[in-house]
Amino acid sequence: MPFFLYFLYFFLFITHTLSSPSELDLLMQIKDSLDPENRLLTSWTANADPCSSDAFEGVACNENGNVANISLQGIGLSGEIPAAVGGLKSLTGLYLHFNALYGEIPKEIASLSELSDLYLNVNNLSGEIPLQIGNMTNLQVLQLCYNKLTGSIPTQLGSLNKLSVLALQYNQLTGAIPASLGDLGMLMRLDLSFNSLFGSVPVKLANAEKLEVLDIRNNSLSGNVPPALKRLNSGFQYDNNAALCGFGFTNLKNCTASDHPNLNRPEPFRPNGGLSNKDIPESANLPPNCGHTGCSNPSKKSHTGVILGVIALFVTLTVTGLFTFSWYRRRKQKIGNAFDTSDSRLSTDQVKDVCRRSASPLISLEYSNGWDPLAKGQTGNGFSQEFLESFMFNLEEVERATQCFSEINLLGKSNFSAIYRGILRDGSVVVIKCIAKTSCRSDEAEFLKGLKILTSLKHENLVRLRGICCSKGRGECFLIYDFVPNGNLLQYLDVKSGSEKVLEWPTRISIINGIAKGISYLHGKRPGLVHQNLSAEKVLIDRLYNPMLSDSGLHKLLADDIVFSMLKASAAMGYLAPEYTTTGRFTEKSDATESSKIEDFIDPNLDGKFSESEAAKLGQIALLCTHESPSHRPSIENVMQELSIITSSS
């Protein structure tokens, strides 16, 4: 008998090994489910290599030749997410957002232990959020917003120790906010808005150390808002929860004794009054999954298990023989096919190169049809591989940073762009400017030339460009800049008396010098680069009150009609050089300050705390810079010389 059991275990092990589907088999199952009509994933074929650059669109592999990324956002998929996706054990990113997928999220997805990014947002998914997702310990971003998900938020999500973004807005979720979410030490953004959540806001959640954005708008929450949430300032959104109360929060009523939560009440509690697992005493010694009445007798279960085991063994032995024969025939045929097509396969070095490039987190992994001036592998775009690796962001990075372009992060809009605040994975704060393809230069060579100019600008008084992303699916170009925290110079001009934004005289001198240095750098480029849209709004102020010129060189990316509309706006504010209106041309002397009388340069908020001699010299420089005749204006080099004299004498 022992020998028989040993043989049986060995036989079952071999059977399991042979029956495990390959990644190719899994991808084909995924294709059949996501694209049942075979309209979109036509490059996914059973006789192709998933890691080849010209096959399996949207699939990227790691250095070991395993599938590491599936990026199929925004291509019109209209199927279901299959359980087979859980078999791709090396998957680190799954991007299926902006499609029309339906059905439930398979619990097998929790088998992806290496997954860090899960984007299923903006689909038609229904059912409950699988509890098993709480076991995905490497998950950093979970985007499930804009679906039709129901049920409560699983308390198990509180085990995702690496999670930084949890987006569940615009679903049909009910129940309370789990206090366990307060255990997420890396959580920075939590959006639960536009659901049907009720109960109080957990105090534990308010104490989450790295939380910066909490959006609970448009729910049915009640009770006292934890005072600790005041630290989030505008990052805490709570409108349209009529029963919420709290002290020191705008638009919230003051709390009464009846508003304070009952600390003995189960949390999270369910609408039907049922208790959660935490309400069962730890000493109850119940069998697993026996949190309700009606659990069967353990001894009966053991007898049933033996009978079922014998039946299963018989079925297994019967099926194994059939499977082994079938597998042998398939394997033999597959080997024959592999030899037939071996001449067309990539070399080992080519495969390694494709994997290395595809697996890079900075290289765009979008594959939908359309505009893509920086397409990977495209020749003649003038950019080296080193450039791509240092500047290119993919769409997932941009969406993650802006929390799916949330209104909370919107800083401003214009006729041709939208500007968002964002946080990158490394925690750094950035500004992301979104420019529609229709606003960009139609000539791709000119557009690329403009990008090269932007990426070449590096100076301490210019806002640093961190990266770029050209999205085919969205038809947009994204420019990622460093965030400059103290606003723009316009906010410090003509402020009310007693305002905290009144700048001291030495700070003003320093800002003037910094602006001049930035302009000097631009004019010193060969050929000289003229800003064309310089104004107080375009001068940003950093933490040390150093000036940073923004939008330098941006006009090189934009269509001529867009640039002209910007110039008209500048002219209306008095920032445009007068010769442009007559000649239609800019010169290096066109960047200058607004004309004014010398006494108007003196801010009354200074209360006389300034140098009259320095003010007089600055006034003279300003008048020369704004002279009606371009020939009478000094060059930026001369301005720098004059400013250096003022600085050295102060």
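Visitor: Why are Cys-51 and Cys-61 called a disulfide?

Guide: Look at the sulfur atoms in this predicted model. They sit 2.0 Å apart, S to S. The cut-off is within 2.5 Å, so the pair qualifies as a disulfide. In general terms, a disulfide is a covalent bond between the sulfur atoms of two cysteines.

Visitor: What parts does the pair of Cys-51 and Cys-61 tie together?

Guide: Cys-51 lies in the loop between helix H2 (23-34) and strand E1 (59-61). Cys-61 lies in strand E1 itself. The pair therefore ties together parts that are 10 residues apart in sequence.

Visitor: Is the link of Cys-51 and Cys-61 left-handed or right-handed?

Guide: Left-handed, with -95° about the S-S bond.

Visitor: Are Cys-51 and Cys-61 buried or exposed?

Guide: Both Cys-51 and Cys-61 are buried.

Visitor: How many disulfides does the rule give?

Guide: The count is two. The other joins Cys-245 to Cys-255.

Visitor: What makes Cys-245 and Cys-255 a disulfide?

Guide: Their sulfurs are 2.1 Å apart. The limit is 2.5 Å, so this pair passes too. Cys-245 is in strand E15 (residues 243-245). Cys-255 is in the loop between E15 and helix H4 (298-340). The two are 10 residues apart. With 105° about the S-S bond, their link is right-handed. Cys-245 and Cys-255 are buried.

Visitor: Why is Cys-145 called buried?

Guide: Its relative accessibility is 0%. Buried means under 20%, so Cys-145 counts as buried.

Visitor: How do you know that Cys-469 is in no disulfide?

Guide: For Cys-469, the nearest cysteine sulfur is that of Cys-470, 6.7 Å away.

Visitor: What makes Cys-469 buried?

Guide: Cys-469 has a relative accessible area of 0%. The limit is under 20%, so Cys-469 is buried.

Visitor: What about the whole protein?

Guide: The protein has 13 helices and 22 strands. Its 650 residues are 45% buried. Take contacts between residues at least 6 apart in sequence: 57% of them join residues at least 24 apart. The protein exposes about 33600 Å², and carbon and sulfur atoms supply 53% of that area.

Terms used: Residues numbered from 1 in each chain as written. Predicted model: local features only at pLDDT ≥ 70, side-chain atom pairs only at ≥ 80, totals over all residues. Heavy atoms only, no water. Helix = DSSP H or I, 4+ residues; strand = E, 2+ residues; numbered from the N terminus. Buried < 20%, exposed > 50% of the residue type's maximum accessible area, 1.4 Å probe, protein only. Contact = heavy atoms within 4.5 Å. Areas by Shrake-Rupley, 256 points an atom, 1.4 Å probe, with all protein chains shown as cover.
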